[in-house]
Amino acid sequence: MTLVELQIASAISVILFIAVLSLAFYTARSFAAFTNYVDLDANSRKALDVMSTEIRQADFLTAATSASLKFQTTDLGTGATHTLEYVYDPVTKVLNRIFDGGQPKVLLTQCTFLQSGTFQRNTTPTLDNAFLPVATSQPNLCKVVQLTWICSRKILGRSVNTESVQSAKVVIRKK
C-alpha cells in the first residue's frame, strides 16, 4: 500500500466512525425522549385519575387560590367530614395531595406549570367558555373545576422534552 492509499482509507474510516457515533448518539437521545414521554404521560394520567375521582365525590370547594384547591368530603360509611387539599409548589415543581392536614402525598413531580379554574354549572352562550367563572371569595358556588398542567424533563441538561398540556374539567357531583 502506498501512503496516499493509506491516507484515503484512514479518512474513509474516520468519516464512517463519526457517522456511526452520530447515529448512536441520536438514537440514544430519541429513546430517552420517548421513555420520558411515556413516563410523563403515565404520571399525568394517574394524577388526573386520582384528582378527578376525588373531586367528583367532594361535597363542595371550600377555598381556591392559584396554587391550591381545598375541598370538603364526607365519608359515606361514618358520615364524618374531611378536608382534601391539592397544593402546587412552583419552586419545587411538585403537586401534593393533603388529606385532613396529614402528610402530603406527591401526585406530580417536574410540573413546570399548573393552573386551576373554578366555574358554576350554569352555562353561558359564548363559545369561549361554556361555564361562568366563580370568584375566589365564593368558592361554595363552584361546581366545575378545570385543571391544566405541563410536566417536563431534561435530557443531557437541556429541557427538550415537554409533555403536551394535560387539561380536564371535572364536575362536582354532590349537592
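The following exercises, each with a worked solution, concern a predicted model.

**Exercise 1. The span of helix α1**

Task: Determine what length the 55 residues of helix α1 should span, and compare that value with the distance between the end C-alpha atoms.

Solution: Helix α1 covers residues 3-57. The expected span is 1.5 Å times one less than the number of residues. For the 55 residues of α1 this rule gives 81 Å. The end C-alpha atoms of α1 are 81 Å apart, which agrees with the expectation.

**Exercise 2. Salt bridges**

- Aspartate 39 pairs with arginine 153, with 2.3 Å between the closest N and O atoms. Because aspartate 39 belongs to helix α1 and arginine 153 to strand β8 (residues 144-155), the pair ties together parts that are 114 residues apart in sequence. Aspartate 39 is partly exposed, at 31% relative accessible area, whereas arginine 153 is buried, at 15%.
- Aspartate 41 pairs with arginine 45, and here the closest N and O atoms are 3.1 Å apart. Both residues lie in helix α1, four residues apart, so about one helical turn separates them. Aspartate 41 is partly exposed, at 27%, and arginine 45 is exposed, at 51%.
- Arginine 97 meets glutamate 54 at 2.8 Å, N to O. Arginine 97 lies in strand β4 (residues 94-99) and glutamate 54 in helix α1, so this pair connects parts that are 43 residues apart in sequence. Arginine 97 and glutamate 54 are both buried.

**Exercise 3. An aromatic pair**

Task: Identify the one aromatic pair in the whole structure and classify its geometry.

Solution: The search finds one aromatic pair. The pair consists of phenylalanine 71 and tyrosine 86, with centres 6.3 Å apart and 70° between the planes. Planes over 60 degrees apart count as edge-to-face, and the pair is accordingly edge-to-face. Phenylalanine 71 lies in strand β2 (residues 68-74) and tyrosine 86 in strand β3 (residues 81-89), 15 residues apart. Phenylalanine 71 and tyrosine 86 are both buried.

Methods
Residues numbered from 1 in each chain as written. Predicted model: local features only at pLDDT ≥ 70, side-chain atom pairs only at ≥ 80, totals over all residues. Heavy atoms only, no water. Phe/Tyr/Trp six-rings, centres within 6.5 Å; stacked < 30°, edge-to-face > 60°. Helix = DSSP H or I, 4+ residues; strand = E, 2+ residues; numbered from the N terminus. Buried < 20%, exposed > 50% of the residue type's maximum accessible area, 1.4 Å probe, protein only. Salt bridge = Lys/Arg side-chain N within 4 Å of Asp/Glu carboxyl O.
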